[in-house]
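Here is a short report on one protein model. Keep the sequence and the 3D view side by side as you read.

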Amino acid sequence: LAVEPGLKVLEIGPGGDRAWPRADAYVDRMQMQLDSIPEDKLKLLGDVCGIPCENKSFDYVYCAHVLEHCDDPELAASELSRVAHAGCIVTPSILKEGLFNCHESDHKWMVHQHGETLFFFPVDTRQRDAFAHRDTQAVMHKLLRLGAPQYGVDGVHMRNWWRKAEPYTDCIQHWTGSPKITVVR
């Protein structure tokens with residue numbers, strides 16, 4: 001993700017040591033996620049549905065793997081466009097949720113992208129809980145993310161394939177003005 005030099009950038013939900021170095025400021029609802037961010041960066045406790053920043057105080061906001069966890073994606077989208085002129089939203093697609101066997105049980109939404117719009121569907125927890133299986137989730141992580149060394153050349157192939165394919169299993173929306181979000185209830 002390339003953002004022009006000189007633009008003021010905010011990241012929502014930086015994920016601790018995986019924070020995007022390009023950001024000037026970070027918002028997370030857990031202090032421990034902010035603790036590993038360098039001291040010269042602005043760190044704010046807050047939530048995507050109530051971002052503790054002034055209107056249009058940022059040029060760009062990056063929000064990856066956050067909206068599938070929030071109670072109200074429409075409110076979150078409104079907050080993102082309130083604090084920034086443009087940004088990027090990343091969520092796992094329904095395909096990625098299936099590949100990893102719904103490994104994050106706190107996801108409240110399944111997300112599908114059609115054109116420039118992100119569609120949010122509420123998770124059917126009964127269906128997810130019947131489908132999800134901890135051992136299967138662990139195997140999928142080993143196969144795809146680590147390339148399971150016990151599989152030799154096949155494991156290396158899986159890891160290399162996943163590094164190229166993973167961006168296509170996320171829903172990625174670059175927006176200006178306001179994000180295009182539809183919640184299907």
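N101 is buried, because its relative accessible area is 6% and buried means under 20%. The model is a predicted one. N101 sits in the loop between α3 and β6 (109–114). Its phi is positive, at about 60 degrees, although N101 is not a glycine. Most residues other than glycine have a negative phi.

The phi of H65 is near 55 degrees, a positive value in a residue other than glycine. Look for H65 in the loop between β4 and α2 (73–83). Is H65 buried, exposed or partly exposed? H65 counts as partly exposed, because its relative accessibility is 33% and that class lies between the 20% and 50% cut-offs.

## The largest pocket

H65 leads us to the largest pocket. This pocket has a volume of about 1000 Å³. Its lining is made by 42 residues. Nearest the centre lie G13, A64, H65, V66 and H69.

Which elements supply at least two residues each of the lining? They are β1, β2, β4, β5 (84–92), α3 (94–99) and β8. By type, the lining divides into 19 nonpolar, 9 polar and 14 charged residues.

## Strand β1 and its partners

β1 is one of the elements that supply the pocket lining. The strand covers residues 9–12. V9 and E11 point one way, while L10 and I12 point the other way. In a regular strand the side chains alternate between the two faces of the sheet. All four of these β1 residues, V9, L10, E11 and I12, are buried.

β1 pairs with strand β4 (residues 58–64) in the parallel sense, over 4 bridges. Here L10 stands opposite V61. β1 also runs parallel to strand β2 (residues 25–28), and 3 bridges join these two. On that side, I12 has V27 of β2 as its bridge partner.

How many cavities of 30 Å³ or more does a search of the whole structure find? It finds 1. The largest cavity holds about 30 Å³ of space. Its lining consists of E97, C102, E104, H107, W109, M110, V123 and R128. These residues divide into 4 nonpolar, 1 polar and 3 charged.

Take R128 from that lining. R128 lies in helix α4 (residues 125–131). R128 counts as buried, because its relative accessibility is 10% and the cut-off is under 20%. Leaving out residues up to four places away in sequence, R128 touches C102, S105, H107 and V123. C102, H107 and V123 also line the largest cavity.

## T169, a buried loop residue

T169 is in the loop between α6 (152–165) and β8 (170–176). Is T169 buried or exposed? T169 is buried, because its relative accessible area is 5%, under the 20% limit.

What does T169 touch, not counting residues up to four places away in sequence? The list is P92, S93, L95, K96, L99 and W162. T169 has a polar contact as well. A polar atom of the T169 side chain lies 2.7 Å from the backbone oxygen of E166.

Definitions and conventions. Residues are numbered from 1 along each chain as its sequence is written. This is a predicted model: local features need pLDDT of at least 70, side-chain atom pairs count only at pLDDT 80 or more; totals for chains, interfaces and linings use all residues. Side-chain values use heavy atoms; hydrogens and water are left out. Buried means under 20% relative accessible area, exposed over 50%, partly exposed in between (1.4 Å probe, protein chains only). Two strands pair if DSSP finds at least two bridges between them. On a 1 Å grid over the protein atoms alone, a cavity is a set of points where a 1.4 Å probe fits but cannot get out, and a pocket is an open set with protein on both sides within 12 Å along at least five of seven lines; lining residues have an atom within 4 Å of a point. Grid points are joined across faces, edges and corners, and a volume is the space filled by probe spheres set on the points. Ala, Val, Leu, Ile, Met, Phe, Trp, Tyr, Cys and Pro count as nonpolar, Asp, Glu, Lys and Arg as charged, and the others, Gly among them, as polar. A polar contact is a pair of N or O atoms within 3.5 Å; within protein, one must be able to donate a hydrogen and the other to accept it, and residues adjacent in sequence count only if both atoms are side-chain atoms. Contact means heavy atoms within 4.5 Å.
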